[in-house]
Amino acid sequence: MSAPVLDIRGLTIALPPGGERAHAVSGASLTVAPGEMLCLVGESGSGKSVIAQATMGLLPPVLRATAGQVLLDGEDVLAAGEARLRALRCTRMAMVFQEPMTALNPVLRCGEQIDEVLAIHTRMTTAERRACTLDVLGDVHLPDPERMLASFPHQLSGGQRQRIMIAMALVLNPHLLIADEPTTALDVTTQAQILALIRELQRKHRTGVLFITHDFGVVAEIADRVAVLRHGEVVEVGSAGDVLSRPQHDYTRMLIDAVPSLVPRHRVVASDAPTVVATRALAKTYGRGGWWRRSAAGVVAATDVSLAIRRGETLGIVGESGSGKSTVARCIARLIEPTSGVIALDGVDIATLGAEALRPLRRRIQIIFQDPYRSLNPRRTVGEAIIEGPMNYGVSRAAALANARRLLELVRLDSGAIDRYPHQFSGGQRQRVCIARALAIEPELIIADEAVSALDVSVQAQVLALLDEIRARLNLAMLFITHDLRVAAQVCDRVAVMQHGRIVEHGPIAEVYANPRHEYTKALLAAAPGRDWNFGATSRRP
Amino acid sequence: MTIASRREDALRRLAHNPTVVFGVVILALIVAMGLCAPWLANVDPAAIDPAFRNQTPGAVETVRGDDGSKVEVRHWMGTDSLGRDIASRVVYGARASLVVGIAVAVLSVSIGLVVGLAAGYLRALDGVVMRLMDGLMAIPAILLAIAVVSLSSAGLVAVIIAIVVPEVPRVVRLVRSIVLSVREEPYVEAAIAVGTPTLPLVIRHILPNTLPPLIVQATYICASAILIEAILSFLGVGIPAQTPTWGNIMAEGRTLFRVYPHNILYPGIFLALTVLAVNLLGDGLRDTLDPRMRMRL
């Protein structure tokens with residue numbers, strides 16, 4: 001085997017004193033051979049991005065590498081000065097970031113940004129640089145390269161921007177490409193295309209790729225080898241097949257087991273269960289009008305959405321960003337007013353009720369949001385957050401607090417947590433507090449709007465299990481909004497697939513997943529990363 | 001860490017910030033000077049002494065009492081063209097400046113807070129209120145002061161009104177922009193979903209977010225109000241000339257500035273020091289209260 005492009009030996013990076021742990025990365029060793037795709041997997045805070053930053057010489061000033069070497073083609077980049085690093089970046093190593101919108105300069109045309117790389121690192125003439133730029137845009141399969149060169153980043157889609165980033169990273173044929181969660185911000189169908197593109201270019205140019213991800217589906221899709229990182233330590237390295245099918249370390253096994261299976265679970269909902277909420281021809285158009293121009297044409301976020309959710313049932317709405325699934329959830333929770341249509345709650349149409357008329361009905365529908373860090377008021381204790389609802393409906397403070405303690409235990413938190421502030425909890429714990437808050441006023445319908453999307457996969461599995469258990473125990477109806485087909489498979493009984501604000505397919509989840517009828521559903525299922533790998537097969541619930 | 005200990009933490013950081021300490025010390029000295037003016041000033045600030053006019057700093061005057069006893073009075077900062085003791089006038093002048101600064105800051109922040117919360121949270125009000133504020137902002141403080149004084153009479157209240165009116169729209173804009181971003185936070189939506197009525201919702205969940213930037217803004221308003229008061233008094237449309245304020249003292253000394261600069265120099269120094277101290281305090285508070293600034297530091 002040829003000498004590795006990247007050889008990290010015993011890398012240790014100290015965290016500033018007083019943090020959770022002493023080292024962001026401790027004694028990490030890994031290698032990337034030419035033409036090899038190494039996936040570095042870990043949960044948030046595992047130090048995977050810090051390794052990437054150390055390799056690129058982009059460590060923030062508060063972090064210092066205290067031991068070890070990072071050898072790029074045999075040269076230690078930790079010892080390299082700023083001038084040498086500048087020369088190495090783009091020519092020998094390049095990086096693709098998670099969020100292409102912020103990684104590209106919004107005030108420069110895409111062509112100018114690629115051109116800048118060439119102007120700095122080569123002695124090409126303007127014409128040669130332009131030819132080279134057009135060439136690399138062809139390589140990343142961007143349609144109409146001439147137009148792309150003249151476009152500003154905001155004029156392109158997320159997938160196109162990420163292709164520009166990849167073109168920029170690979171234009172000088174670096175030996176090493178670091179991809180830091182390059183598809184996390186993208187929709188699943190776009191993600192599949194970008195993964196295929198990175199794979200293709202890597203094979204074509206024999207680039208060594210250090211691919212950072214938290215998603216085992218992505219790992220199964222593209223990795224040659226896998227390194228698993230936990231609390232800054234590499235706990236397992238091996239070929240993708242070995243690690244995925246015969247994980248040696250307990251942590252790896254736990255991570256892989258926590259990946260939800262794409263095979264829907266089977267559960268029977270009583271067919272005579274009463275309908276809790278039904279929508280008919282629900283539509284929402286976001287107006288562009290303001291104080292001056294009320295009649296300007298708006299953006300259609302959802303149109304003709306008809307759904308029914310029965311007691312004891314979980315209805316999933318899946319779709320990509322901008323499909324209107326969150327708009328539907330927020331209309332049903334009446335956080336926004338639908339433009340037209342009916343939302344029937346026990347026969348009462350709540351779609352157009354005013355704030356006062358709505359207040360007594362609000363307690364029957366509760367919503368859990370995506371971001372656990374912003375879902376709780378940082379200035380109020382967990383107890384105050386939970387009792388706010390019951391006290392609005394006339395429950396005494398003492399009774400509400402007693403109930404809050406009981407609820408905290410129900411969501412597996414210590415009842416002593418009641419006097420603590422949200423910042424003292426992890427993301428998963430906060431999401432449990434949000435569930436307790438939603439349950440405190442005894443709703444009939446819980447709306448979970450991407451409620452587990454911001455959580456690490458192991459925490460996600462626990463919160464999903466908790467939501468499912470609570471739905472069953474309290475016989476609730478649940479509306480589960482997600483972009484993740486795997487998550488939907490594990491909790492939903494029926495699923496509605498949304499695209500461009502419309503429901504394109506709707507039915508029992510097992511049927512939809514096994515025999516998708518609409519083209520878009522087929523595309524979504526085909527794009528799910530790692531779909532050929534039977535995750536969770538060993539640990540799936542019966 | 002609880003909220004209380006977070007507050008202690010913020011106080012400790014403030015105490016370690018040299019800018020804040022410097023500002024607080026100077027401000028405390030000037031406040032003390034204003035409060036203790038009757039004991040600090042050895043001469044009645046309004047007493048006219050035609051025989052001892054335009055004296056340079058440090059001049060000693062022998063005053064004969066009613067019983068014939070002689071008392072020596074040293075005019076540390078000299079006397080003005082009416083023979084009034086400048087040191088006494090400067091000491092008393094601190095009162096006017098501080099009262100105007102604090103009153104304007106408190107009034108404009110409280111009015112601006114209420115209006116801003118209403119405009120930011122109640123969408124129906126927003127357009128009307130903000131256009132009204134745009135209109136108010138176009139009124140220059142000095143012209144307004146002249147108008148207010150001509151309607152009633154010159155005085156402290158007129159000056160405060162004249163400075164508060166153009167200051168309120170700036171506070172309203174600040175509060176409204178914070179409310180607009182905070183109202184989109186999921187925890188506010190969660191509170192709406194559990195049926196919290198509008199008023200408790202605004203007070204519990206939105207108001208606390210607006211306070212830290214407002215405290216900082218209040219210090220800047222205070223500093224600018226002190227300056228504007230001095231300008232108004234200097235122009236003769238502020239506090240009546242017989243009341244000692246730093247602006248009045250400077251106005252009095254303007255005609256003889258080339259010959260006797262001390263008339264303008266001493267009140268000017270105190271004015272500059274006060275404004276500097278308030279601004280330093282504001283900068284320190286901003287660094288401590290604004291989490292983004294703290295990260296940069």
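Two strands pair if DSSP finds at least two bridges between them; strands (E, at least two residues) and helices (H or I, at least four) are DSSP runs, numbered from the N terminus. This is a predicted model, in which local features need pLDDT of at least 70 and side-chain atom pairs count only at pLDDT 80 or more, while totals for chains, interfaces and linings use all residues. Residues are numbered from 1 along each chain as its sequence is written, with chains lettered from A and ligands numbered from 1 in the order in which they are written.

Q: How do you know that β11(A) and β12(A) are paired?
A: Eight bridges join β11 (residues 275-286) of chain A to β12(A), and the two run antiparallel. The definition asks for at least two bridges, so the strands count as paired. One residue of β12(A), A302(A), is the bridge partner of K284(A).

Q: What makes β12 (299-310) and β15 (348-349) of chain A edge strands?
A: The open sheet has four antiparallel strands in chain A, in the order β12-β11-β14-β15. β12(A) and β15(A) each have a single partner strand, so one side of each is left without a neighbour in the sheet. Helix α12 (residues 325-332) of chain A packs on this sheet and touches β11, β12 and β14 (340-345) of chain A, where contact means C-beta atoms, placed from the backbone, within 7 Å.

Q: Why is α16(A) called roughly parallel to α17(A)?
A: Helix α16 (residues 427-439) and helix α17 (residues 457-473) of chain A pack at an angle of about 15 degrees, with their axes 10 Å apart. Angles under 35 degrees count as roughly parallel, so α16(A) is roughly parallel to α17(A). The angle is taken from 0 to 180 degrees between N-to-C directions, with axes fitted to C-alpha atoms over the stretch in contact.

Q: Which residues make the contact of α16(A) with α17(A)?
A: Among them are I435(A) and L439(A) of α16(A), and L466(A) and I470(A) of α17(A). By class, the contact has seven nonpolar, four polar and one charged residue. Ala, Val, Leu, Ile, Met, Phe, Trp, Tyr, Cys and Pro count as nonpolar, Asp, Glu, Lys and Arg as charged, and the others, Gly among them, as polar.

Q: What does each chain bring to the contact between chain A and chain B?
A: Chain A gives 22 residues and chain B gives 16 residues. On the side of chain A, α14(A) gives the most, with three residues. That side holds nine nonpolar, five polar and eight charged residues.

How values were computed: Contact = placed C-beta atoms within 7 Å. Parallel < 35°, antiparallel > 145°, perpendicular 65-115°, else oblique.
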